[in-house]
2 protein chains.
Amino acid sequence: MNRIESNNPKVDRYEVLVEPFHVDFNQRIFVGTLCNHMLNAAGLHSENRGWGITELMKERHTWVLSRLSVEFERMPVTGETIILSTWVQSSMRLFTHRCFALHDTQGNAIGYAHSVWAMINVDTRKPADLLTFRDGELLKYAVSEEEEPCPIADFQRMRFREPQLVRQQPTYYSDVDINRHINSIKYIEHIANLLTNEQHTRGIRRLDIAYKTESYQGDVLDMLTEQESDNSTLVEVRKPNGEVAVQVRITLQNS
Amino acid sequence: MNRIESNNPKVDRYEVLVEPFHVDFNQRIFVGTLCNHMLNAAGLHSENRGWGITELMKERHTWVLSRLSVEFERMPVTGETIILSTWVQSSMRLFTHRCFALHDTQGNAIGYAHSVWAMINVDTRKPADLLTFRDGELLKYAVSEEEEPCPIADFQRMRFREPQLVRQQPTYYSDVDINRHINSIKYIEHIANLLTNEQHTRGIRRLDIAYKTESYQGDVLDMLTEQESDNSTLVEVRKPNGEVAVQVRITLQNS
């Protein structure tokens with residue numbers, strides 16, 4: 001991932017080459033890998049402005065991803081170069097909104113993403129007030145919809161009626177981050193593994209992900225699914241104590 | 001991964017930034033991710049010379065990784081930039097030997113790797129004769145040990161006496177490549193998951209991997225281990241039919 005020139009100083013742009021080991025049997029990038037590129041770009045964008053997690057940790061704070069919605073016209077394929085842009089859309093007291101745009105090298109839009117983040121104090125686990133933290137400096141990074149459009153539909157609430165347990169997913173060393181929490185990307189990988197190959201061939205159009213509570217290395221996660229409509233499936237990931245860790249809506253491409 | 005200048009036209013050099021989601025709870029890069037970077041560099045090095053798998057496929061051939069040995073003084077950590085070099089060391093009739101060197105940005109060696117590859121005809125699955133394929137052109141890429149040293153000890157044969165079954169590892173969509181074979185990197189990830197957190201904190205010094213036969217999406221793999229010495233463990237991965245897919249020796253850093 002290389003940072004490239006951007007015509008807006010508040011927007012970072014990165015060039016990403018889709019690697020051979022990062023694509024599925026259809027030669028399309030794994031959705032988890034694509035989300036990884038986005039979160040990585042988010043981290044670099046923050047870091048470039050003094051708001052990265054290393055800097056924040058000096059003040060005993062960190063970013064926590066609360067929601068992520070991604071929607072793609074198509075999945076980039078092996079060998080393709082894609083341009084990933086990211087910026088802060090707005091900040092409120094408890095949450096900041098960050099957008100992502102994905103383009104091909106000709107400038108055609110491939111997809112967009114929208115994410116919601118809280119900042120917490122790592123000692124108290126309490127949320128920070130983003131309007132006053134560092135004197136509200138975060139607000140100056142906001143980019144208006146007119147300046148940089150992010151045409152992706154809002155996150156829609158998920159209503160689980162009778163989700164069925166379809167897999168018990170153990171978690172190991174490779175699933176966790178420095179806090180031994182299951183990392184945001186690994187959930188996406190395990191959830192994508194619930195789809196059939198036929199569904200993957202049709203392709204994922206959109207993911208809406210709500211990160212509810214942390215789970216830990218060694219947790220055997222209950223994976224429950226429920227068909228929401230012809231082309232959307234709801235997934236709930238529950239911890240051994242029954243708490244919901246993550247909820248996801250997977251929307252497939254029109255067949 | 002960016003290609004950077006190399007003082008030897010037969011050697012490619014790449015700059016790699018260690019990303020936040022690619023490190024373990026010790027902030028060290030996952031060994032599978034590091035091996036992925038190496039195989040990716042190998043693919044680019046081949047492609048840059050007209051020997052990549054896309055080019056070879058036009059002649060109905062492809063590369064198959066047979067053995068990989070990697071040895072590291074230490075594991076690169078999050079945020080660190082590393083320099084990865086790769087070149088062809090020699091080619092014989094059935095196998096070509098490829099080396100990798102890993103340096104920090106000050107030029108200090110972090111580790112080396114050695115790999116053995118066969119080329120097969122994708123229709124007959126028979127090995128090609130590398131000394132005559134394309135009139136032996138592959139030989140001209142060989143770099144002598146004097147030009148470019150690759151100081152890593154030879155792959156040592158593994159002798160399994162009474163390996164014990166320690167895990168049955170299901171395989172899914174995210175484990176497979178375009179041929180729905182379990183990909184070389186995913187084996188490494190599953191194998192690293194067999195170590196305890198204490199062993200990961202001590203750190204992996206070396207991996208020797210022999211890829212024996214392909215396994216497929218959906219195979220539940222038997223993971224067997226055997227303690228070879230104080231700091232080395234042997235792992236055998238067997239397919240449901242009992243065939244050996246992969247054998248690995250994991251050597252830990254001295255404690």
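Which residues form one aromatic cluster with A:Phe25? In this predicted model, the cluster is made up of A:Phe25, A:Phe30 and B:Tyr173. Rings of Phe, Tyr and Trp (its six-membered ring) are paired here if their centres lie within 6.5 Å, with planes under 30 degrees apart called stacked, over 60 edge-to-face and the rest tilted.

Residues are numbered from 1 along each chain as its sequence is written, while chains are lettered from A and ligands numbered from 1 in the order in which they are written. Because the model is predicted, local features need pLDDT of at least 70 and side-chain atom pairs count only at pLDDT 80 or more, whereas totals for chains, interfaces and linings use all residues; side-chain values use heavy atoms, with hydrogens and water left out.

We turn now to the interface. Contact, meaning heavy atoms within 4.5 Å, involves 35 residues of chain B and 35 residues of chain A. The size of an interface is often given as the accessible area lost when the parts come together. For chain B and chain A this buried area (accessible area, 1.4 Å probe, that two parts lose on being put together, summed over both) is about 3300 Å², and carbon and sulfur atoms give 52% of it. On the chain B side, B:Phe21, B:Phe25 and B:Tyr173 lose the most area to chain A, together 24% of what that side buries.

Polar links also cross this interface. The count between chain B and chain A is 17 residue pairs in polar contact, both residues being at pLDDT 80 or more. A polar contact is a pair of N or O atoms within 3.5 Å; within protein, one must be able to donate a hydrogen and the other to accept it, and residues adjacent in sequence count only if both atoms are side-chain atoms. The elements of chain B that give two or more residues to the side touching chain A are α1 (31-47), β7 (164-169), α3 (184-192) and α4 (197-202), where helices (H or I, at least four residues) and strands (E, at least two) are DSSP runs numbered from the N terminus. The largest share, five residues, comes from α3(B). By residue type, the side of chain B that touches chain A divides into 15 nonpolar, 13 polar and seven charged; Ala, Val, Leu, Ile, Met, Phe, Trp, Tyr, Cys and Pro count as nonpolar, Asp, Glu, Lys and Arg as charged, and the others, Gly among them, as polar.

Side chains of opposite charge can pair when their charged atoms come close. With a salt bridge taken as a side-chain nitrogen of Lys or Arg within 4 Å of a carboxyl oxygen of Asp or Glu, two are found across the interface of chain B and chain A. A:Glu189 forms a salt bridge with B:Lys186, with 2.7 Å between the closest N and O atoms.

Over all chains, the salt bridges number 32. A:Asp12 pairs with A:Arg49 at 2.9 Å between the closest N and O atoms. This pair links distant parts of the chain, 37 residues apart: A:Asp12 sits in strand β2 of chain A and A:Arg49 in the loop between α1 and α2 (53-57). Both A:Asp12 and A:Arg49 are buried, where buried means under 20% relative accessible area, exposed over 50% and partly exposed in between (1.4 Å probe, protein chains only). A:Glu80 and A:Arg74 meet in a salt bridge at 2.6 Å, N to O; A:Glu80 is buried at 15%, and A:Arg74 is partly exposed at 33%.

A:Asp12 is also among the contacts of A:Thr86, as are A:Ala41, A:His45 and A:Cys99, leaving aside neighbours within four places in sequence. A:Thr86 lies in strand β4 (residues 81-91) of chain A and counts as buried because its relative accessible area is 0%. A polar atom of the A:Thr86 side chain lies 2.9 Å from the backbone oxygen of A:Cys99.

B:Tyr187 belongs to helix α3 of chain B and B:Tyr211 to strand β8 (residues 204-211), 24 residues apart; both B:Tyr187 and B:Tyr211 are buried.
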